[in-house]
Structures are given as C-alpha cells and as structure tokens.
Amino acid sequence: MKNIFLVLTFLISLNSSAQNLAELYKEVNSSVVVINIINVSRESEGEYIQVVTEESQGSGVLIAEEGLIWTAAHVVQTAEEVQIEFLDGDIYEGTVLSSVAQADVALVKIKGDFQLKNKKVALIGDSDKISVGEDVFVLGAPHGFKQSLSRGILSGRFVPVHLSNDFVKIEFLQTDASINPGNSGGPMFNMKGEVIGIASRIYSNSGGFEGIGFAMSSNVANKLLMQEPSIWGGMESILIDGNLAKALNVPQEAGLLITSLSSKGSGSALGLKGGTISAKVEETELTIGGDIILELAGITIKDINSIFQIRKIIAEAQKGEVITMTVLRNGRIGKAEFIK
C-alpha cells in the first residue's frame, strides 16, 4: 500500500510540474521575439571588392515597456538591419544600443512608436539565487522553429578565467536544455517565469547539441547592459598575439584585428575598416586586411584584460570627453579620436 501511495504521489508531482510549465509558457511566451538580421561583408575578388549580403536569425526577450530587448551579442554584432518579430505577428525595426562581445550580450531598442498590446514584459530574476539541479526552460527559434520550448536543469556554472577579472565577473549558466542555432539570444527562465540567462553557445564535438549549453547569467547581463552600458562598436574583432601578431606585422605584443563591421556602428563612424581577405594563419581561419587597434583610451592592447580595462575607462568617461585610438592600417600607424 505504501509503494502504491509513493507511485501515485510521483505521478501527481509529474503532472503538476508539466501543468506548471504549460501555464508558465503561456505567461511568458509573448515576451520572446525572433530577431532577423541582415549582414553585409566585403570580400576581395582580385582587384575588386565584392559586397556580400547574408541573412541570419536569432532570438531575444522584451525586458522593458519602451521596447528594450536583450539578445546575444553575436546575433547583432555587425548587423546592417535588425527586424524584431513578436508572437502576435507584429514586426518592428530595431537598432542596437549596446553590445559586449566578451560576455555575448546586447541591448536592442525597437524604433518608432511601440505599443505593448498583446505582449508582456519579461521579469528579470536574480541568477545568483538559482541552484544547480533546479529546473529551467529555454524559449527561442532554433533552426527557425519559432516559439520552441526546451526544458532541462541548471547543470553547472562556468566562469571563464580569461574573461573574468577585477572589472567584471563573466558567468555562464550551464544547462542540458536543448540550445541550437537560432536559440542564441533567447531567454532562459526559472520556474517562476523569470529570465535568469540569455542563451549564448553550446559545447559540441559534432556541431550539434550534445547536452551542454550555456547562457549568460541575468545578473551579468543586467550589469553590462543596464547599469554600465557600453557603446555599440558594430565590429567583429579578434585578439591576435604571439606568432599570429608577428605574421601580421603588429609592432607590439598584441592587437585587436577588426574582421568585419556594420556601417551603423560607432566603429564605422570613426572610419575604421574591416577585413576583406580570407586567410589561414597557423591553423587559424580569419578575415585579414582590416585595421588593427593597438591602443585605445590610453590602454595598450596586450590581452583580454586590456579590453575590459578599455571598456571600464570609456564607460566612466564624462560626456564630451575626447578618447584617442592608435591603429595599424596597411603597415602604417595612425591615430584617431572620438568624443563620447
């Protein structure tokens, strides 16, 4: 009799849990969006430069009534056009306000007059309060399948040493909830229906999902996007050092190579140039030919910590303050400056 009671209790618990998730989905789904992106790149074809247009897709979540949306930085980092699509079919144009590539989080704002109507603003949870083993669920558009829900647990916390320092602690939440291309930027919810993470990447040997996915914690996203917002550079870049830096004739320990950039970002407004030549240097495939930033805001590029130092200095600079930059272009070193 005791065993029968335990089985019945277990079944009731499962049914209650499933029902709760169904109800939670209905409560939060209108806050989840599909983000359609158009990127433009330039490739060398002999003496000519060919302009290539590419479309991509990601996800995001509405976090404020004025049309603010959290997503992943890699979804919008070099976007020429951003389109926001809601569950009710409403489509808006968006603009990128802020992006932190190292943490893979970005803030997008809907252009023009935005009305909530049938939409809800997602609640932001405290990612420090969820424990390993607790249930979570992820919403997004994996492979273009809109409003796809996957469920799992918080299976760990990951703090990359090379991305965290005294300036900011970058923390990813690890989960076995399915995350696939198109999920990027979508929200990870706790079982209260609060956003505790932004889907970022997967660990995979096959290229497909293998049970290990990562989302940037909501506390880090909140700090970097809302409390200490940075300028959207609109650039994809790679830190080059060692033999790679030597191969590209960088006259110092390291530099920041710009591989591509959007015409809408601050990098383009400063006259910076992206790469046009696909190359493979020491087993590393990258696009070269773009500018290499050597120094910014008085900080010489040495390692990833230099990037965080620069970000902190720029964030703390007063409005109207002049910030200088040293750039290597075609073997020549030049300087530029911009006003915050």
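This is a predicted model: local features need pLDDT of at least 70, side-chain atom pairs count only at pLDDT 80 or more; totals for chains, interfaces and linings use all residues.
**Exercise 1.** Determine which kind of aromatic pair Y92 and F114 form, and where in the chain the two residues lie.

*Solution.* Begin with the total, for the structure holds 6 aromatic pairs. In the pair of Y92 and F114, the ring centres are 5.2 Å apart and the planes stand at 75° to each other. Since planes over 60 degrees apart count as edge-to-face, the pair of Y92 and F114 is edge-to-face. Next, locate the residues: Y92 belongs to strand β5 (residues 91–100), whereas F114 sits in the loop between β6 (105–110) and β7 (123–124), so that the pair links distant parts of the chain, 22 residues apart. Finally, both Y92 and F114 are buried.

**Exercise 2.** Classify the pair of F158 and F214 by its geometry, and decide for each residue whether it is buried or partly exposed.

*Solution.* The ring centres of F158 and F214 are 5.6 Å apart and the planes meet at 45°, so the pair is tilted. Because F158 lies in strand β9 (residues 148–158) and F214 in strand β13 (residues 213–217), the pair ties together parts that are 56 residues apart in sequence. For accessibility, the cut-off for buried is under 20% relative accessible area. F158, with a relative accessible area of 40%, is therefore partly exposed, while F214, at 12%, counts as buried.

**Exercise 3.** Find which residues form one aromatic cluster with F86, and which residue lies over the face of F86.

*Solution.* F86 forms one aromatic cluster with Y92 and F114. Over the face of F86 lies K119, at 5.2 Å from the ring centre.

Key. Residues are numbered from 1 along each chain as its sequence is written. Side-chain values use heavy atoms; hydrogens and water are left out. Rings of Phe, Tyr and Trp (its six-membered ring) pair if their centres lie within 6.5 Å; planes under 30 degrees apart count as stacked, over 60 as edge-to-face and the rest as tilted. Helices (H or I, at least four residues) and strands (E, at least two) are DSSP runs, numbered from the N terminus. Buried means under 20% relative accessible area, exposed over 50%, partly exposed in between (1.4 Å probe, protein chains only). A charge sits over a ring if NZ of Lys or CZ of Arg is within 6 Å of the ring centre and within 35 degrees of the ring normal.
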